[in-house]
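Me: I'm new to this structure and would like to learn how to read the packing of its helices. Could you walk me through it?

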Amino acid sequence: MKNRIVLAREQAGLTQKELAQRMGVSPSTLNGYEKGNHDPKSAGLAAIARLCGVTVDYLLELTDDPRGQFAFHTSDTDPQLEALTQTARRLNAQGLQKLVDLAEDLVASGRYEKQPLDRERVAEYRKNGKEGCDHDRL
């Protein structure tokens, strides 16, 4: 596990001091994890995984895929979401946090949040096809 912690931290672009600070532990504690002197408790392991953008399974060497299904579940019918997911998987922890912050800002603005489906409009679309329906109102 010690090598995986080092790899994950370095891939995330974090120094020992930065990761320790974000975890709320001393740099010497993190150094001990990385040297294999002691193992982090489950909360520490989860924090390392979250902050470095990897899965706990990766840190525990249960998989060689650092991101696994990392926090994204997409629909086969939404190519934009799939493209975003593929791009997000290439980001380090800092980039991923910026992406989440941006998405939250977009939703908070009220301009980009999905509106609930208008069931009558959906029924109209299914009945009449795309010519008989205003797509922007779905």
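Predicted model: local features only at pLDDT ≥ 70, side-chain atom pairs only at ≥ 80, totals over all residues.

Me: In which crossing, left-handed or right-handed, does α2 pass α4?

Reply: Residues are numbered from 1 along each chain as its sequence is written, and side-chain values use heavy atoms, leaving out hydrogens and water. A crossing is right-handed if the near helix is turned clockwise from the far one by less than a right angle, left-handed if anticlockwise. Here α2 passes α4 in a right-handed crossing.

Me: At what angle do the axes of α2 and α4 cross?

Reply: Two packed helices are described by the angle between their axes and the distance between the axes. For α2 (residues 16–23) and α4 (residues 42–52), the axes come within 10 Å and cross at roughly 120°.

Me: Which residues of α2 and α4 meet?

Reply: Contact means heavy atoms within 4.5 Å. From α2, Leu19, Arg22 and Met23 meet Gly44, Ala47, Ile48, Leu51 and Cys52 of α4. By class, this contact has six nonpolar, one polar and one charged residues; Gly counts as polar and Arg as charged.

Me: Which residues of α4 are buried?

Reply: Buried means under 20% relative accessible area. In α4 these are Gly44, Leu45, Ala47, Ile48, Ala49, Leu51 and Cys52. They pack against α1 (2–11), α2, α3 (27–35), α5 (56–59) and α7 (93–109).

Me: Is arginine 9 buried or exposed?

Reply: Arginine 9 is buried, with a relative accessible area of 9%. Arginine 9 lies in helix α1, and the residues it touches include Leu19 and Cys52.

How values were computed: Axes fitted to C-alpha atoms, helices over the stretch in contact; angles between N-to-C directions. Helix = DSSP H or I, 4+ residues; strand = E, 2+ residues; numbered from the N terminus. Buried < 20%, exposed > 50% of the residue type's maximum accessible area, 1.4 Å probe, protein only. Lists of a residue's contacts leave out its neighbours within four places in sequence.
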